[in-house]
Amino acid sequence: MATLPMAPPAAAAAAISSSPSTRPIFSSSRPNRILLARFFPAAPAPAGARGLRTSAAAAAAAVEVGGVKIARDDVVKEDDPTNNVPDTIFSKIGLQLHRRDNHPLGILKNTIYDYFDKNFARQSDKFDDLCPLVSVKQNFDDVLVPADHVSRSYNDTYYVDSQTVLRCHTSAHQAELLRDGHTRFLVTGDVYRRDSIDSTHYPVFHQMEGFRVFSPDDWSGSGMDGTAYAAADLKKTLEGLARHLFGAVEMRWVDTYFPFTNPSFELEIYFQFSEGKLGVKFKPFSKFPPCYKDMSFWINDAFTENNLYEVVRGIAGDLVEEVKLIDNFTNKKGMTSHCYRIAYRSMERSLTDEEINSLQLNVRETVKNKLNVELR
């Protein structure tokens with residue numbers, strides 16, 4: 001789904017493409033045979049939504065996605081050293097916010113469906129309930145992610161085991177759908193990436209992806225080669241979608257680079273923000289005050305910030321609003337110290353010192369034991 005990054009009210013350029021938000025991309029593959037055009041609008045799930053709600057009973061319950069039942073033990077495998085999926089992430093599987101017609105994600109999905117149905121005579125097959133558990137081959141190999149690409153690392157991706165991941169993108173289903181004979185389709189789903197804890201990042205967000213296969217019959221007689229024809233079709237389609245969503249807006253195309261598509265483009269729209277309309281200036285979700293706690297420790301060679309974020313999120317859930325590095329130094333012995341400030345905030349009430357102190361104590365002990373660092 002499409003979420004616009006916030007910008008100053010005057011002269012705000014709202015990007016319909018950015019990473020990992022919206023990403024219209026053109027891909028040329030086997031130019032003498034077929035051409036593929038695709039776009040990826042995406043929206044992050046809201047952070048700090050309802051406080052800490054994960055319980056052992058809730059985490060243990062099985063969920064069903066696309067007819068596939070997924071139990072906790074299928075995803076969270078504490079005895080498997082290749083598994084890095086915590087209960088907080090398992091608890092998000094099966095929510096399927098994009099399938100709720102009254103949810104903003106569902107409304108946006110259906111609005112995009114409406115555009116394609118009206119303009120392309122219901123030519124696109126639609127999928128919005130595909131299972132988020134995919135193979136490493138589906139998630140990386142089938143979409144030509146290099147073997148040494150950073151996205152394959154355990155620091156960036158949630159691994160169920162060495163050969164299974166929670167999908168990082170809806171593109172993980174492309175090859176399977178093509179093999180099943182689908183040549184024009186829309187895929188919507190929740191996707192998962194290990195990421196920072198702040199107001200603009202969340203480990204679960206949503207993507208909608210459009211895909212079309214072009215054949216020589218499509219561009220013959222156009223006066224263009226296949227690449228130029230598919231690029232022109234992609235631009236026309238996305239410009240129409242932008243007008244469908246935002247009205248008569250100024251827009252521009254930007255040549256850019258993505259490692260998996262060639263050529264690649266981004267579409268930017270110019271949208272004056274105004275009260276009562278799409279794109280209203282961001283206001284904090286919670287009216288309750290934050291509570292800040294600092295934590296310092298000596299790091300080791302294996303330390304990564306994403307591992308720290310997972311530990312904090314696993315204990316505090318959505319009560320943690322931000323984890324920010326505020327100081328670091330290296331002493332004469334070559335030991336490096338990091339100091340992080342953790343912001344806790346509830347959507348529903350003021351937090352008490354007692355509960356935050358208890359959370360912080362738990363965070364400190366778990367960071368020490370799980371990450372093998374020395375607290376200061």
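Visitor: Is Glu 78 buried or exposed, and what is its relative accessible area?
Guide: This is a predicted model, in which local features need pLDDT of at least 70 and side-chain atom pairs count only at pLDDT 80 or more, while totals for chains, interfaces and linings use all residues. Residues are numbered from 1 along each chain as its sequence is written, and side-chain values use heavy atoms, with hydrogens and water left out. Buried stands for under 20% relative accessible area, exposed for over 50%, and partly exposed for what lies in between (1.4 Å probe, protein chains only). Glu 78 is exposed, and its relative accessible area is 65%.

Visitor: Which residue meets Glu 78 in a salt bridge?
Guide: A salt bridge puts a side-chain nitrogen of Lys or Arg within 4 Å of a carboxyl oxygen of Asp or Glu. For Glu 78 the N to O distance is 2.9 Å, and the partner is Arg 72.

Visitor: What relative accessibility does Arg 72 have?
Guide: Arg 72 also meets Asp 73 in a salt bridge, at 3.6 Å from N to O. Asp 73 is exposed, with a relative accessible area of 57%. Arg 72 itself counts as buried because its relative accessibility is 16%.

Visitor: How many residues apart are Arg 72 and Asp 87?
Guide: The side chains of Arg 72 and Asp 87 form a salt bridge at 2.6 Å, N to O. The pair links distant parts of the chain, helix α2 (residues 72-75) and helix α3 (residues 87-90), and its members are 15 residues apart.

Visitor: Which residues are linked with Arg 72 in a network of salt bridges?
Guide: The whole structure has 19 salt bridges. Asp 87, a member of this network, is partly exposed at 25% relative accessible area. The residues linked with Arg 72 are Asp 73, Glu 78 and Asp 87.

Visitor: What is the strand order of the open sheet of four strands?
Guide: Helices (H or I, at least four residues) and strands (E, at least two) are DSSP runs, numbered from the N terminus. Two strands pair if DSSP finds at least two bridges between them. The pairing in this sheet is antiparallel, and the order is β16-β17-β15-β18.

Visitor: Which are the edge strands?
Guide: An edge strand here pairs on one side only. β16 pairs with β17 (residues 336-344) over nine bridges in the antiparallel sense. The edge strands are β16 (320-330) and β18 (374-375).
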